[in-house]
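Q: Can you walk me through this structure? I'd like the overall fold figures and then the aromatic side chains.

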Amino acid sequence: MRVLGIETSCDETAVAVVEGPPGTAPVGRILSNTVYSQLSEHRRFGGVVPEIAARAHLERIDGLVEQALSDAGVELADLDGIAATGGPGLIGGVMVGVMTAKALAFAHEKPFLAINHLEGHALTVRLTEAVEFPYLLLLVSGGHCQLLTVRGPGDFTRLGTTIDDAVGECFDKTAKLLGLGFPGGPAVEKAAAGGDPKRFALPRPMWRKPGCDFSFSGLKTAVRQTIEKLAVEKLPADDPRAIADLCASFQRTVGDVLADRCANALAMAPAPTLVVAGGVAANLYLRQRLDEVAAANGAKLVAPPVKLCTDNGAMIAWAGVERLRLGRTDDLDFRPRPRWPLDLALDPDAANRV
Ligand code: KG4
Ligand code: ZN
């Protein structure tokens, strides 16, 4: 099973070709994985501008498809399916990817697969590791923070979600307040190295509360107030020591909260494997904390390689392989979806889709 995957839901235009074994077994092979990051186009705005993103996807997508095919050494005729992120995400970008995939599928008479971006993140681990269903998933990205039981493609139960901000957003905001640039996650992680994680006591929303929901807006506010206070005390906000200590304290606080929520999830829905996925899963400190909480609760933490945590085409191609193997292809009249929950019980439009 060889599938081309297109990802255009945010600020990366990404195309990959992935090959998977027959049946339902995990572990595939990445034949190519090309990405054009629009970072430089959005940087001066301090965030992703949807119109700029959509235009940039449109400009790059055809070239990236050609590149992905040539890197993989395959022709369109050699493919078994064409997959694209069908949502959730910035709708202009999603439309560019879906339109491109549909056109290729139609012209070359290949099955089309509309992939939920979150399912892409959720299944990525099986592209590189022999992880069997079911597993517990902590999905942490720029737009999402959820705990789910994953039983297979399209088969998820959400145990908890954030009631306000996503954790990646909180990293991005912290970095912005500290003038560390965008995207904030890697910058905060880098600045935290060598900082004192105990210097600033920050609130841990939802910590030790029952259930698996998250909240980060209080933490975001506390970071802002701490920075303001530092400035008032005439400690320059660009003092590298203060920045390192605040980043380390922030990261430790996020680690405390994520570990606490995962412990509850493992108690509510025991599973042999805890998987962490999404952009924030690239954070090595947080991985370490999750590794500890998994071990303390009789589970094992498995994470995709760092470079497959942030948005990429391989995760969409792999989800395409997983779906294609089950015969779950989509019609060419599939409509891109700005919102698309993974848990069908929470999806008002679930009846429209298998
Ligand atoms: O999954 P992703 O690439 O895009 C979305 O689907 O949102 O996640 C991007 C998010 C951003 O908020 C970024 O700051 C965060 O992941 N991120 C990190 C790290 N690398 C990326 N957060 C913490 N530590 C990192 N090393
Ligand atoms: Zn993502």
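A: Helices here are DSSP runs of H or I with at least four residues, and strands are runs of E with at least two. This is a predicted model.

Q: Fine. How many helices and strands in the protein chain?
A: The protein chain has 11 helices and 10 strands.

Q: And why call it as compact as a globular protein of that length?
A: The radius of gyration is 20 Å, and the globule rule gives 20 Å for 354 residues, so the chain is as compact as a globular protein of that length. The C-alpha trace spans about 65 × 45 × 35 Å along its principal axes.

Q: What share of the residues is buried?
A: Of the 354 residues, 55% count as buried. The chain exposes about 14,900 Å², with carbon and sulfur atoms supplying 54% of that area.

Q: Switching to charges: how many positive and negative side chains?
A: There are 37 positive and 42 negative side chains, and the centres of the two sets lie 6 Å apart.

Q: Now the aromatics. How many pairs in the whole structure?
A: A search of the whole structure gives five aromatic pairs.

Q: Why is the pair of Phe-133 and Tyr-135 stacked?
A: Their ring centres are 5.7 Å apart and their planes are at 15 degrees, so the pair counts as stacked; the cut-off for that is under 30 degrees.

Q: Is Tyr-135 buried or exposed?
A: Tyr-135 is buried, at 0% relative accessible area. Phe-133 is partly exposed, at 24%.

Q: Which residues do ring pairs link into a cluster?
A: Phe-112, Phe-334 and Trp-340.

Terms used. Residues are numbered from 1 along each chain as its sequence is written. Chains are lettered from A and ligands numbered from 1 in the order in which they are written. This is a predicted model: local features need pLDDT of at least 70, side-chain atom pairs count only at pLDDT 80 or more; totals for chains, interfaces and linings use all residues. Side-chain values use heavy atoms; hydrogens and water are left out. The radius of gyration is taken over C-alpha atoms; the globule rule is 2.2 Å times the number of residues to the power 0.38. Buried means under 20% relative accessible area, exposed over 50%, partly exposed in between (1.4 Å probe, protein chains only). Accessible areas come from the Shrake-Rupley method with a 1.4 Å probe; for residues, only the protein chains shown count as cover. Lys and Arg count as positive and Asp and Glu as negative; His and the chain ends are not counted. The place of a charge is taken as NZ of Lys, CZ of Arg, CG of Asp or CD of Glu. Rings of Phe, Tyr and Trp (its six-membered ring) pair if their centres lie within 6.5 Å; planes under 30 degrees apart count as stacked, over 60 as edge-to-face and the rest as tilted.
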